[in-house]
Amino acid sequence: MPSQITNYQCPSCTGPLHYDGASGKLQCDYCGSSFTTAEIEKIYQAKLEEAEQAAIDEATQAGGENNAEEDWDSEQNIWDAKQDGMKIYNCPSCGAQMICDATTAATSCPYCGNPSVVPGQFHGMLKPDYILPFRLSKEQALDSLKKYYQGKKLLPKAFSRTSHLEEIKGVYVPFWLFDGKAVADTSYRATRVMSVPHGNEMVTTTEYYDVRRSGTVRFTRIPADGSKKMPDDLMDSIEPFDYTDLKPFSTAYMPGFLADIYDVDDKESFERAKTRSSTTALEILDSTVSGYSSVTPRERQVHVQRERTVYALLPVWMLTTRWNNKNFIFAMNGQTGKFIGDLPVSMGRYFAWFAGIAVPLAGILTVLLKLM
Ligand SMILES: [Zn+2]
Ligand SMILES: [Zn+2]
């Protein structure tokens with residue numbers, strides 16, 4: 001079976017390499033040597049091409065003939081895995097079998113710990129244009145989680161004490177970045193009310209205005225993740241990313257991290273980017289209608305045009321914890337450290353926290369009732 005996986009091993013001692021965000025280099029866990037991404041790319045160039053070709057050959061073969069029989073010859077569990085859309089690879093370091101999601105592009109061998117990249121996953125349309133390397137380490141992600149706990153008043157005390165971290169992983173998440181423009185046309189009915197004293201009386205004049213606005217808003221690199229696995233709201237919340245650090249795509253940034261390829265295409269993802277750019281364009285036009293006593297929007301039209309799309313892998317630390325038999329997911333921007341997550345709300349503490357507010361409110365209500 002042709003090897004479709006490339007392990008990134010230290011050229012000095014063959015230990016596993018991992019990409020270190022702080023230094024921007026690949027480091028060996030065993031002998032401490034470090035290498036630039038360019039050095040590693042040079043060494044691995046031939047192996048990557050070989051592995052990519054192996055993947056293409058296998059895909060062509062599978063498409064050309066009916067190999068159902070071959071599948072049945074394999075072990076039952078392998079056949080099941082294939083049915084579920086999983087892929088099976090052999091670790092080149094220890095030979096163990098790895099069962100991966102169809103979208104897995106980089107992982108590490110669960111048996112020997114060697115970082116593995118699946119170059120065939122980046123063939124053709126699936127090849128990203130850019131990669132944004134991780135800058136923050138696992139330790140920094142864990143620190144952020146602790147700080148996040150501390151700032152939460154509604155967090156049950158037992159949660160931070162007893163919940164234990166199930167998993168922490170650095171993932172290169174597939175994103176589409178859209179450039180384009182939103183052309184917006186809006187109209188409003190507005191009034192201006194003026195009161196002028198006239199003798200003992202006030203004279204109020206109301207002027208009515210028909211207000212129109214139109215404008216073009218250009219947008220660059222509006223991100224939308226292309227992964228079904230990743231919760232969209234979580235991915236939206238850890239923005240923004242600083243795109244000045246984008247590097248031309250290379251698998252040399254991947255050792256030590258997981259990577260997925262997209263399973264939501266650019267067309268589908270664009271719908272999300274479109275909604276965002278329309279909303280922004282309308283907000284900008286709305287903000288220019290000022291100086292009136294009242295403004296009521298009437299017609300609102302936005303036409304969003306897509307101009308350029310790039311496919312990039314962006315760095316995200318994913319943390320999951322378990323508490324009271326429930327899973328909680330947290331995400332941290334692997335470049336900026338922006339942290340977001342879902343935390344359990346303790347009802348006991350919720351009421352304790354609101355008690356201080358609830359009493360005066362009740363007081364006001366009573367006063368109002370008496371007045372009526
Ligand atoms: Zn080494
Ligand atoms: Zn292995």
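In strand β8, S116 is the bridge partner of T107, a residue pair that belongs to the antiparallel pairing of β7 with β8 (residues 115-117) over three bridges. Strands here are DSSP runs of E with at least two residues, helices are runs of H or I with at least four residues, and both are numbered from the N terminus; two strands count as paired if DSSP finds at least two bridges between them. This is a predicted model, in which local features need pLDDT of at least 70 and side-chain atom pairs count only at pLDDT 80 or more, while totals for chains, interfaces and linings use all residues. Residues are numbered from 1 along each chain as its sequence is written, and chains are lettered from A and ligands numbered from 1 in the order in which they are written.

**Strand β7 and its partners**

β7 and β8 form a hairpin with six residues between them, and in the turn G113 has a positive phi of about 80 degrees. β7 is also joined by two bridges to strand β13 (residues 258-260), and these two strands run antiparallel; within that pairing A106 stands opposite A259. Strand β7 (residues 104-108) is mostly covered, with four of its five residues buried. A residue is called buried if 20 or more other C-beta atoms, placed from the backbone, lie within 10 Å of its own, exposed if 12 or fewer do, and partly exposed in between.

**The chain as a whole**

The protein chain has eight helices and 16 strands, and of its 372 residues 28% are buried. Two residues are in contact if their C-beta atoms, placed from the backbone, lie within 7 Å. Among the contacts between residues at least 6 apart in sequence, 71% join residues at least 24 apart.

**An open sheet**

Three strands form an open sheet in the order β2-β3-β4, with antiparallel pairing. β2 (17-20) and β4 (34-35) are at the edges and have a single partner strand each, so one side of each is left without a neighbour in the sheet. Strand β3 (residues 25-28) is joined to β4 by two antiparallel bridges, and L26 is placed opposite F35 of β4.

| Helix | Length | First to last C-alpha | Expected span |
|---|---|---|---|
| α4 (residues 138-150) | 13 residues | 19 Å | 18 Å |
| α7 (residues 266-287) | 22 residues | 31 Å | 32 Å |

In α4 the buried residues are A141, S144 and L145. Seen down the axis of α4, these residues fall within an arc of 105 degrees, so they line one face of the helix, the arc being that of the directions from the helix axis to the C-beta atoms. The face turned away from this buried side carries the exposed residues E139, K146, K147 and Q150. In α7 the buried residues are S269, A273, K274, S277, A281 and L285.

**Nonpolar cores**

A nonpolar core is a set of buried Ala, Val, Leu, Ile, Met, Phe, Trp, Tyr and Cys residues joined through C-beta atoms within 7 Å. The largest such core has 60 residues, and those with the most contacts inside it are A106, Y172, V173, F257, A259 and L314. Strand β14 gives the most to this core, with eight residues. Domain 1 (6-127) and domain 2 (138-341) both give residues to the core, so it lies between them; the domain bounds come from an automatic or database domain assignment. Leaving aside neighbours within four places in sequence, V173 is in contact with D225, S227, M230, M235, D260, L313, L314 and V316. Apart from this core lies another, of five residues, among them A182, A281, L285 and V304.

V217 lies in strand β11 (residues 201-225) and counts as partly exposed because 19 other C-beta atoms are within 10 Å. Although V217 and A182 are 35 residues apart in sequence, their C-alpha atoms are 5.2 Å apart in space. Beyond its neighbours within four places in sequence, V217 is in contact with K181, A182, A184, S277, T280, A281 and I284.

V295, in strand β14 (residues 294-323), is likewise partly exposed, with 15 C-beta neighbours inside 10 Å. Not counting residues up to four places away in sequence, V295 touches Y188, A190 and V289. The C-alpha atoms of V295 and S187 are separated by 10.0 Å, while the two residues are 108 residues apart along the chain.

Methods:
The expected span of a helix is 1.5 Å times one less than its number of residues.
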